[in-house]
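I opened a new model today and kept a notebook as I went. Come along and look things up with me.

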Amino acid sequence: MSRSLRRGAVAAVILATAPILAACSAGSNAATLQVKPNTAATSIVKGDSALKLNGIVVVTDATGNAPANVVVNIANNGSADDTLTGVSVDGSSQATLSGTATVPTGGSLLLSGPGQVAATVPTLNEKPGQNATITFTFANAGSVTVQALVNAGTGEYTSYAPTVAPTPTVTVSAPATAKATATAKAKGTANASTSASASATSTP
């Protein structure tokens with residue numbers, strides 16, 4: 001190889017690696033460091049069921065505490081409908097499903113999405129930024145387990161956070177018997193006062 005060709009080859013290698021070196025030297029402001037980690041995904045195929053689970057995350061309340069919703073987009077590429085029958089986190093915290101979570105064939109279900117069936121766990125060992133182990137159980141496809149990130153229910157996750165019912169206001173009222181007794185005593189006192197006044201007036 002001639003000297004000019006060797007110089008050209010070296011120059012091409014330097015130009016090709018320049019963007020990588022620049023990204024590595026960009027420090028904490030490098031664009032590659034701003035990219036969020038991908039959400040968890042998995043799939044399960046059994047018989048007529050072929051399910052793909054995408055975007056799996058656990059969303060706590062705004063303060064990072066339980067209860068928490070398990071969020072997942074389930075696509076059914078099989079030839080028959082399937083139904084999500086159970087969700088558990090860390091093998092112990094069982095989720096409550098707010099309705100029937102059917103995944104139609106050729107369709108999908110956004111579990112815990114706005115206006116959709118929600119899967120809510122009452123307790124959670126992990127905090128936002130940590131991974132939780134989630135098991136999904138289906139009527140036909142069986143079970144599949146995956147680890148997914150826990151996120152606080154703020155920002156883009158606000159609409160996926162669990163809905164906490166407001167604390168009911170309790171109004172304490174006196175029993176009817178107590179009210180009747182108080183009224184009778186008041187009447188008796190009033191009658192006694194009237195009688196006393198009449199007696200005093202009729203005395204010479």
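This is a predicted model: local features need pLDDT of at least 70, side-chain atom pairs count only at pLDDT 80 or more; totals for chains, interfaces and linings use all residues.

**Starting with a strand pair**

Strand β4 covers residues 82-89 and β10 covers residues 131-138; the two run antiparallel and are joined by 5 bridges.

Then I followed β10 to another partner. Strand β11, residues 142-151, pairs with β10 over 8 bridges, again in the antiparallel sense. One bridge I checked there links Ala-132 to Ala-148 in β11. How many residues lie between β10 and β11 in their hairpin? I found 3.

**Thr-135, a residue in β10**

I picked Thr-135, which sits in strand β10. Its side chain makes a polar contact with the side chain of Thr-145, at 2.9 Å. I also listed what Thr-135 touches, leaving out neighbours within four places in sequence: Gly-86, Val-87 and Ser-88, then Ser-143, Val-144 and Thr-145.

**The whole chain**

I stepped back to count elements. The protein chain has 2 helices and 11 strands. Reading from the N terminus, I noted the order α-β-β-β-β-β-β-β-β-β-β-β-α.

I also looked at contacts between residues at least 6 apart in sequence, and 60% of them join residues at least 24 apart. Of the 204 residues in the protein chain, 29% are buried. The chain exposes about 12500 Å², and carbon and sulfur atoms supply 58% of that.

**The cores**

Which residues have the most contacts inside the largest nonpolar core? I wrote down Leu-53, Ile-56, Val-87, Ile-134 and Phe-136, in a core of 31 residues. Beyond four places in sequence, Ile-56 touches several residues, including Thr-39, Val-71, Ile-134, Phe-136, Val-146 and Leu-149. Apart from that core lies another, of 5 residues, with Val-59, Val-71, Tyr-157 and Ala-161 among them.

**Strand β8 and its two faces**

I turned to strand β8, residues 108-111. Leu-109 and Leu-111 are on its covered face, while Ser-108 and Leu-110 are on the uncovered one. β8 pairs with β3 over 4 bridges, in the antiparallel sense. In that pairing I saw Ala-75 opposite Ser-108.

**Ala-66, a loop residue**

I moved on to the loop between β2 (49-59) and β3 (68-76), where Ala-66 is found. Why does Ala-66 count as partly exposed? Its relative accessible area is 31%, and partly exposed covers the range between under 20% (buried) and over 50% (exposed), so Ala-66 falls in between.

Ala-66 touches Asp-61, Pro-122, Thr-123 and Leu-124, not counting residues up to four places away in sequence. I also checked Glu-126, which is 60 residues from Ala-66 along the chain; their C-alpha atoms are separated by 9.4 Å.

**How confident is the model?**

I finished with pLDDT. The average for the protein chain is 77, and 62% of the residues score at least 70. Where does pLDDT stay under 50? One such stretch is residues 3-36, for which the model has 7 contacts beyond four places in sequence. I marked residues 192-204 too: pLDDT stays under 50 there, with 0 contacts beyond four places in sequence.

Technical notes
Residues are numbered from 1 along each chain as its sequence is written. Side-chain values use heavy atoms; hydrogens and water are left out. A nonpolar core is a set of buried Ala, Val, Leu, Ile, Met, Phe, Trp, Tyr and Cys residues joined through side-chain atoms within 4.5 Å. Buried means under 20% relative accessible area, exposed over 50%, partly exposed in between (1.4 Å probe, protein chains only). Contact means heavy atoms within 4.5 Å. Accessible areas come from the Shrake-Rupley method with a 1.4 Å probe; for residues, only the protein chains shown count as cover. pLDDT is the predictor's confidence in each residue, from 0 to 100. Two strands pair if DSSP finds at least two bridges between them. A polar contact is a pair of N or O atoms within 3.5 Å; within protein, one must be able to donate a hydrogen and the other to accept it, and residues adjacent in sequence count only if both atoms are side-chain atoms.
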